[in-house]
Amino acid sequence: MKSIIIDDEQMARAIVNQLISMNNQVELIDSFPSAIEAIKYLNQNSVDLIFLDIHMPAFSGFDLLQTLKNPPKVILTTSDKNFAIEAFEYDCIVDYLVKPITQERFNKAIQKATNFSKLPKENAKSQEVEVVKELYVNIDRRLIKLNFETINVVEAKGDYILIKTETKNYTVHSTMKKIQEKLPEDLFLKVHRSFIINTKKIIDIEDNSVLIGNNVIPVSRSNRPELMQRLNLL
Amino acid sequence: MKEQPNLLYLKEISGGDLAFENQMLEIVKKELPEEIKSYENSLKENNFKLTAEIVHKLKHKISILGLEKSYQIAIDFEENLKKSNLSLQIEFEEILDSMINFIKNV
């Protein structure tokens, strides 16, 4: 990673420079005694990482961050612990190093910065695994989309299964085992060898049955404890 | 026994690089007396805000010279100054004296 140091203290710059030289994941391109000089540089050049002091005369580290439209990753270097909360408001801030900085703590910050570059926050959303919200069933050579949320009950019917949704019922050539594997576990529960229910659709529970829509579904004794565990009981 | 300035931190981060250690000591030797002078002047003028800023700078040098307990005193003194309070002034100035003595002999 290409980096720069911004710190008004010569000693602080020299120390970070030394810590960088002992770490092979980061390289120092330049260092600046003031935020203003650094801004001029950053307007013309790009870097991967800034080691930024907060407490600087005239123009603080936070002032600099507010000035940059698209700041690179930043590791704050400061003698003051009191800015930690403010630091959390900036997405670009990878870590917060309190002086005097040890090599061990510095290396940890660099590791954080390296991992940060693999999954930048702005792209994190697009890289998240997309949650499947629906199921396609084959009925008369047509693939019909059923949203999980609309499914009330799945009932075994010999070689077929009957999927009951809020508006319609679908008879599909499949098994309970197969459909159970496709349905999200947090939403669906097998309450009987012939019934899988959408637990969010339960209206009430009475003895060994649950009411979903206008269907009374039997609950087997062995499945009852798991059903009861799922409920937010008062 | 009072905490004494030392080179433990500098040696730890230098990785045996004597040129770096010497460079750091040269900076301390040059800047410390200047900063102490500024500190004394701003204090004379009762400029607590400026004094707190100078203490903030001195704080880093205190930590670099391995003075861990003194560093905490400096933090507290800086906070006191921000409230125009001179508590810990004597303790802080003792730290400065010990640093000056140390760099004269190192």
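Trainee: Which residues does A:Arg13 touch, leaving out those up to four places away in sequence?

Mentor: A:Ile5, A:Asp7 and A:Ser31. Keep in mind that this is a predicted model.

Trainee: Okay. Where does A:Arg13 lie?

Mentor: In helix H1 of chain A.

Trainee: And is A:Arg13 buried or exposed?

Mentor: Buried, because A:Arg13 has 20 C-beta neighbours inside 10 Å, and a residue needs 20 or more to be called that.

Trainee: How far is the C-alpha atom of A:Arg13 from that of A:Pro33?

Mentor: They are separated by 8.1 Å, with the two residues 20 apart along the chain.

Trainee: Let's move to the sheets. What's the strand order in the open sheet of five strands in chain A?

Mentor: It goes E2-E1-E3-E4-E5, with parallel pairing.

Trainee: Which strands stand at the edges there?

Mentor: E2 (27-32) and E5 (93-98) of chain A. Each has a single partner strand, so one side of each has no neighbour in the sheet. As for the twist, the average is 20° from one strand to the next.

Trainee: How many bridges join E1 and E3 of chain A?

Mentor: Four, between E1 (residues 2-6) and E3 (residues 49-53) of chain A, and the two run parallel. If you want a pair to click on, A:Ile5 has A:Phe51 as its bridge partner in E3(A). A:Ile5 is also one of the residues that A:Arg13 touches.

Trainee: Which helix lies across E1 and E2 of chain A?

Mentor: Helix H2 of chain A, residues 35-44, which runs at about 130° to E2(A).

Trainee: Switching to the other open sheet, the one with three strands: what's the order, and is the pairing parallel or antiparallel?

Mentor: E13-E14-E15 in chain A, antiparallel. The edges are E13 (202-206) and E15 (215-218) of chain A, each with a single partner, so one side of each is left without a neighbour in the sheet. Neighbouring strands there are turned by 25° against each other on average, ignoring direction.

Trainee: Which residue stands opposite A:Val210?

Mentor: A:Ile217 in E15(A). E14 (residues 209-212) of chain A pairs with E15(A) over four bridges.

Trainee: What about E6 and E7 of chain A, how many bridges join them?

Mentor: Six, with E6 (residues 134-139) of chain A running antiparallel to E7(A). A:Leu135 stands opposite A:Leu146 in E7(A).

Trainee: How many of the six residues in E7 of chain A are buried?

Mentor: Zero, so E7(A), residues 142-147, is hardly covered.

Trainee: Which residue in the hairpin of E6(A) and E7(A) takes a positive phi near 50°?

Mentor: That's A:Asp140, in a hairpin with two residues between the strands. A:Arg141, in the loop between E6 and E7 of chain A, has a positive phi too, about 65°, although it is not a glycine. With 5 C-beta neighbours inside 10 Å, A:Arg141 counts as exposed.

Trainee: Why flag those?

Mentor: Because most residues other than glycine have a negative phi, and most peptide bonds are trans.

Trainee: Then which peptide bond is cis?

Mentor: The one from A:Lys99 to A:Pro100, with omega near 0°. A:Pro100 sits in the loop between E5 and helix H5 (103-118) of chain A.

Trainee: Over to chain B. What is phi of B:Leu88?

Mentor: Near 80°, a positive value in a residue other than glycine. B:Leu88 lies in the loop between helix H4 (68-82) and helix H5 (89-105) of chain B. B:Leu88 is partly exposed, with 19 other C-beta atoms within 10 Å.

Trainee: How many residues does each chain put into the contact between them?

Mentor: 15 from chain A and 16 from chain B. On the chain A side, H1(A) gives the largest share, seven residues. By class, that side has seven nonpolar, six polar and two charged residues.

Trainee: At what angle do H1 of chain A and H2 of chain B pack?

Mentor: About 170°, with the axes 10 Å apart, so H1(A) and H2(B) are roughly antiparallel. The contact uses A:Gln10, A:Met11, A:Ala14 and A:Gln18 from H1(A), and B:Phe20, B:Gln23, B:Met24 and B:Ile27 from H2(B). Those residues divide into five nonpolar, three polar and no charged.

Trainee: Last one: what ipTM and pTM does the predictor give the complex?

Mentor: An ipTM of 0.90 and a pTM of 0.64. Chain B averages a pLDDT of 94, with 99% of its residues scoring at least 70.

Note on methods. Residues numbered from 1 in each chain as written. Chains lettered and ligands numbered in written order. Predicted model: local features only at pLDDT ≥ 70, side-chain atom pairs only at ≥ 80, totals over all residues. Axes fitted to C-alpha atoms, helices over the stretch in contact; angles between N-to-C directions. Parallel < 35°, antiparallel > 145°, perpendicular 65-115°, else oblique. Contact = placed C-beta atoms within 7 Å. Nonpolar A, V, L, I, M, F, W, Y, C, P; charged D, E, K, R; others polar. Pairing = 2+ DSSP bridges. Buried ≥ 20, exposed ≤ 12 C-beta atoms within 10 Å, placed from the backbone. pLDDT = per-residue confidence, 0-100.
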